[in-house]
Amino acid sequence: MTSLLRRGALYLLIAVIVLTSLFPFFWMLVTSIKPDSELFTRTPRFIVTSPTVERYTHLLDGNIPTQFRNSLIVAVATTVLTGFIALLAGYALARYRLRTRHILTVVILVTQLLPQTILVIPLFTLFRNAGMLNTFQGLTLSHLALTVGLCTFMLRSFVVEIPYELEEAALVDGAGRLRTVWSIVFPLAWPGLAASSVYAFITSWNELMFSATYMQRPEIETLPVALQQYFSSYYTDWGGVMAASAIFTIPVVIFFLLVQKRLMQGMASGAMKG
């Protein structure tokens with residue numbers, strides 16, 4: 001009986017946590033389909049009496065599809081490049097006996113403590129001189145400055161946990177260093193790559209300051225910049241904000257679910273091979 005009560009209490013606690021976590025998404029969706037007459041009421045209404053999809057139609061007929069595509073291009077490119085660079089850098093810090101290895105690790109962590117505003121002007125000058133303003137390449141490079149450092153530290157921790165004897169066996173069999181990294185380290189580092197890819201994708205997808213500064217043409221704007229257009233000094237279109245936010249959230253949720261599946265597969269594979 002005691003065990004049954006504990007299990008029931010545990011399930012109840014889980015249900016409360018899940019409902020609390022999902023409520024903001026529920027409220028966002030409900031608000032996005034409310035007519036203007038139901039947005040501002042003294043008592044919050046959780047059931048919409050006259051739902052409307054006019055805001056979504058207006059968004060899809062405007063620049064949102066183009067801005068969505070732009071954000072997706074930059075976020076995917078940032079995620080792929082971050083994983084590649086961070087894996088190799090983390091492997092070098094974990095395996096090579098460099099005299100400055102610990103200093104480099106500390107420097108990488110310290111760079112993550114710097115505010116983003118410090119990088120805006122130097123990167124702007126660099127991209128202007130290189131002709132990379134108003135380009136996806138320049139924006140992707142600026143996002144790498146935000147993601148590579150922490151992801152390198154994360155992947156270094158995962159590589160350290162991989163037994164070096166597996167790599168030694170591959171080297172003895174004639175495999176080169178890059179082949180060893182691809183065949184041994186890469187599959188076993190899947191949990192770290194999944195975690196770092198989530199961080200890189202969300203950071204790039206939500207980034208606003210660099211996007212607003214370096215992308216100065218409407219046709220290459222990203223979604224975070226577009227969301228700012230719903231706010232002004234005199235009025236905020238909360239219905240439009242919620243509709244755009246719902247569209248803005250979809251890729252993050254899908255990407256997280258896909259990577260979460262890969263994360264579990266990588267953990268299981270690492271456990272069996274280790």
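Biologist: What makes the span of helix 1 close to the expected one?
Modeller: In this predicted model, helix 1 covers residues 2-32 and has 31 residues. The expected span is 1.5 Å times one less than the number of residues, which gives 45 Å for helix 1. From its first C-alpha to its last, helix 1 reaches 45 Å.

Biologist: Where does helix 1 bend?
Modeller: At Phe 23, by about 35°. That angle lies between two fitted axes, one for the seven residues ending at the bend residue and one for the seven starting there. A proline, Pro 24, follows within four residues.

Biologist: Which residues of helix 1 are buried?
Modeller: Met 28, Val 30, Thr 31 and Ser 32. One of them, Met 28, is in contact with Ala 246.

Biologist: Why is Ala 246 called buried?
Modeller: Its relative accessible area is 7%. Buried means under 20%, so Ala 246 qualifies. Ala 246 sits in helix 13, residues 238-273. Beyond its neighbours within four places in sequence, Ala 246 also contacts Leu 29 and Tyr 56.

Biologist: What makes Ala 75 a buried residue?
Modeller: Its relative accessible area is 0%. The cut-off is under 20%, so Ala 75 counts as buried. Ala 75 belongs to helix 4, residues 64-95.

Biologist: Which residues does Ala 75 touch, not counting those up to four places away in sequence?
Modeller: Phe 201, Ser 204 and Trp 205. A touch here takes heavy atoms within 4.5 Å. Val 107 is another matter: its C-alpha is 25 Å from that of Ala 75, at 32 residues apart in sequence.

Biologist: Why does Ile 108 count as buried?
Modeller: Ile 108 has 19% relative accessibility. The limit is under 20%, so Ile 108 falls on the buried side. Ile 108 lies in helix 5, residues 101-111.

Biologist: How do you know which residues Ile 108 is in contact with?
Modeller: Contact means heavy atoms within 4.5 Å. Leaving aside neighbours within four places in sequence, Leu 93, Gly 149 and Thr 152 meet that test with Ile 108. For Ile 108 and Gly 149, the C-alpha atoms are separated by 5.4 Å, with the two residues 41 apart along the chain.

Biologist: What span does helix 7 reach, and what is expected?
Modeller: Helix 7, residues 136-161, reaches 36 Å. Helix 7 bends by about 35° at Thr 147.

Biologist: What is the phi of Asn 134?
Modeller: Positive, about 60°, although Asn 134 is not a glycine. Asn 134 lies in the loop between helix 6 (117-130) and helix 7.

Biologist: How many helices and strands does the protein chain have?
Modeller: 13 helices and zero strands. The C-alpha atoms fill a box of roughly 75 × 70 × 30 Å along the principal axes. Of the 274 residues, 38% count as buried.

Biologist: What share of the contacts with a separation of 6 or more comes from residues 24 or more positions apart?
Modeller: 72%.

Biologist: What part of the accessible surface belongs to carbon and sulfur atoms?
Modeller: 69% of about 16,600 Å². As for charge, there are 19 positive and 13 negative, with mean positions 9 Å apart.

Notes
Residues are numbered from 1 along each chain as its sequence is written. This is a predicted model: local features need pLDDT of at least 70, side-chain atom pairs count only at pLDDT 80 or more; totals for chains, interfaces and linings use all residues. Side-chain values use heavy atoms; hydrogens and water are left out. Helices (H or I, at least four residues) and strands (E, at least two) are DSSP runs, numbered from the N terminus. Buried means under 20% relative accessible area, exposed over 50%, partly exposed in between (1.4 Å probe, protein chains only). Accessible areas come from the Shrake-Rupley method with a 1.4 Å probe; for residues, only the protein chains shown count as cover. Lys and Arg count as positive and Asp and Glu as negative; His and the chain ends are not counted. The place of a charge is taken as NZ of Lys, CZ of Arg, CG of Asp or CD of Glu.
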